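Let's walk through this structure together, one part at a time. Keep the sequence and the 3D view side by side as you read.

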Amino acid sequence: MRPLTEPETKVVFDKLANYMTDLKSLIAPFDDGDRYVFRLNHSRVYYVRLSIANMATSISRDALLSLGTCLGKLTKTGKFRLHITALPILAEHARYKIWVKENGAQPFLYGSNVAKAHVGRWSDDCPEHSGCVVLSMADIPLGFGVTARSTAEARRLDPTGIVCFRQSDCGEYLRDEDTLFAG
Amino acid sequence: MGTTRTIKNKHAANGSGIKGSKASKNGPQSDGVIKAKKNQPKGPQPGRGIKGRPNIADILKKRKKRVYTEKELGIPELNKITPVGVTKPKGKKKGKVFVDDRESMTTILALVQAEKEGQIESKMIKARQMEEIREARRAEAEAKEDERKAKLEETKDSIRKKRKRKGGKNEDDDVNGFKASLAAEGTKAAKPKKKRVSFAPE
């Protein structure tokens, strides 16, 4: 387990900034002097309290399965892939949101893109190809994706047209159970 | 053996420690090196002149001994011991530089966020412009469509009028139309009259 290097930090922040507005709150210190830090173990990036990260140093790298919140993984080409486990952090400060209706939640959770017919409402002034968090009508985050059309364009789209390309959904907790934290 | 010696000489940029030790052990060997020979004619004359102090002369020799860089030696690039691509910059810290303090992290964060905001802003502006263009195009297309429809209606009307002129007796039209209808009636009325007239005398 080690802290991130500068290029790694940049790549991680860059990806997070696609989905989030307020990044500064991520590393804001608490009253007790503690703060959240990013740690890398087995190419997975973890978002964890500094005190916990310090305690985890007593565990060997191989034995350490996970700590804090797993944000995603750094690929061998140096890119960063967000995992579904990062959803609570993304949803808290989401830049753009799409709410799907009851009939659209199930297809989305099974891994399909969001069709216009399934959208209950969406954030205004959303450009195309920007990260967005997908929520149910009860404001429960279901996953995240990338908008296929801008809001204005999506209004003119036919009901079967895709509005949001899925990146990750809560169904992955079951589907990718084996590979989510290791391998 | 000879080659290993040269390797050592190349590796150690200053190399005086290793060389010195060898030189101290094997005096004639150090003189055998070409570089040393060049310096010899200038150096040894005063050194040999003062025979009473050989130690000082040796120290002077060591000080004056010129260390050649690899460039000066003119060795072909590919003939070096360390390959061209592998050479590491001197004085640079080995290993990764971690970013763990809050300040540097905040700096990176601010940079990334500003960059992303700019990108999104430009994307929005572009999208708005495209939307405007699309709107203008749609308005133009609509106007053209209206114009075409109006033209079609006009032709339809004119055709209808023509029909009415031909067939309709009971017309409640405008003045011109009425006159035209009257004229039409007149011509139509004249024909049967003519016939009647033609029959009447008989």
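What you see is a predicted model, so a word on confidence comes before the details. For the complex, the predictor gives an ipTM of 0.84 and a pTM of 0.63. Chain B has a mean pLDDT of 69, with 50% of its residues reaching 70 or more. We will come back to where in chain B the confidence is lowest and highest.

Several of its residues are buried, among them A:Glu8, A:Val12, A:Phe13, A:Leu16 and A:Tyr19. The buried set in H1(A) also includes A:Thr9, A:Lys15 and A:Asn18.

In soluble globular proteins, nonpolar side chains tend to be buried together. Here the largest nonpolar core has 47 residues, and the members that touch the most others are A:Leu90, A:Ile98, A:Val133 and A:Val134. H1(A) gives the most to this core, with five residues. To see how A:Ile98 sits, leave aside its neighbours within four places in sequence: A:Ile98 is then in contact with A:Val114, A:Val119, A:Trp122, A:Cys132, A:Val134, A:Val163 and A:Cys164.

From there, follow strand E9(A), residues 131-136, where five of the six residues are buried. Strand E6(A), residues 97-100, runs parallel to E9(A), and four bridges join the two. In this pairing A:Val100 stands opposite A:Ser136. E9(A) also pairs with strand E10(A), residues 141-147, this time in the antiparallel sense and over five bridges. Here A:Val134 faces A:Gly143. The hairpin of E9(A) and E10(A) has four residues between the strands, and A:Asp139 takes a positive phi near 65°.

Chain A also has an open sheet of five strands, in the order E1-E2-E3-E4-E5, with antiparallel pairing. E1 and E5 (80-82) stand at its edges with a single partner strand each, so one side of each is left without a neighbour in the sheet. Three bridges join E4(A), residues 69-74, to E5(A), and A:Lys73 has A:Arg81 as its bridge partner.

Now look at where the chains meet. Chain A puts 21 residues into the contact and chain B puts in 18. On the chain A side, the elements giving two or more residues are strand E1 (2-3) and H1. H1(A) gives the most to this side, with six residues. The chain A side divides into 10 nonpolar, four polar and seven charged residues.

Finally, what does chain B look like? It has nine helices and zero strands. Buried residues make up 3% of its 202 residues. Among contacts in chain B between residues at least 6 apart in sequence, 24% join residues at least 24 apart. Confidence in chain B is highest in helix H8 (residues 102-167), at a mean of 91, and lowest in helix H1 of chain B (residues 2-11), at 40. Residues 1-38 of chain B have a pLDDT below 50, and beyond near neighbours in sequence this stretch has 17 contacts in the model. Where pLDDT is low, the predicted coordinates should not be read in detail.

Note on methods: Residues are numbered from 1 along each chain as its sequence is written. Chains are lettered from A and ligands numbered from 1 in the order in which they are written. This is a predicted model: local features need pLDDT of at least 70, side-chain atom pairs count only at pLDDT 80 or more; totals for chains, interfaces and linings use all residues. A residue is buried if 20 or more other C-beta atoms lie within 10 Å of its own, exposed if 12 or fewer, and partly exposed in between; C-beta atoms are placed from the backbone. A nonpolar core is a set of buried Ala, Val, Leu, Ile, Met, Phe, Trp, Tyr and Cys residues joined through C-beta atoms within 7 Å. Two residues are in contact if their C-beta atoms, placed from the backbone, lie within 7 Å. Ala, Val, Leu, Ile, Met, Phe, Trp, Tyr, Cys and Pro count as nonpolar, Asp, Glu, Lys and Arg as charged, and the others, Gly among them, as polar. pLDDT is the predictor's confidence in each residue, from 0 to 100. Two strands pair if DSSP finds at least two bridges between them.
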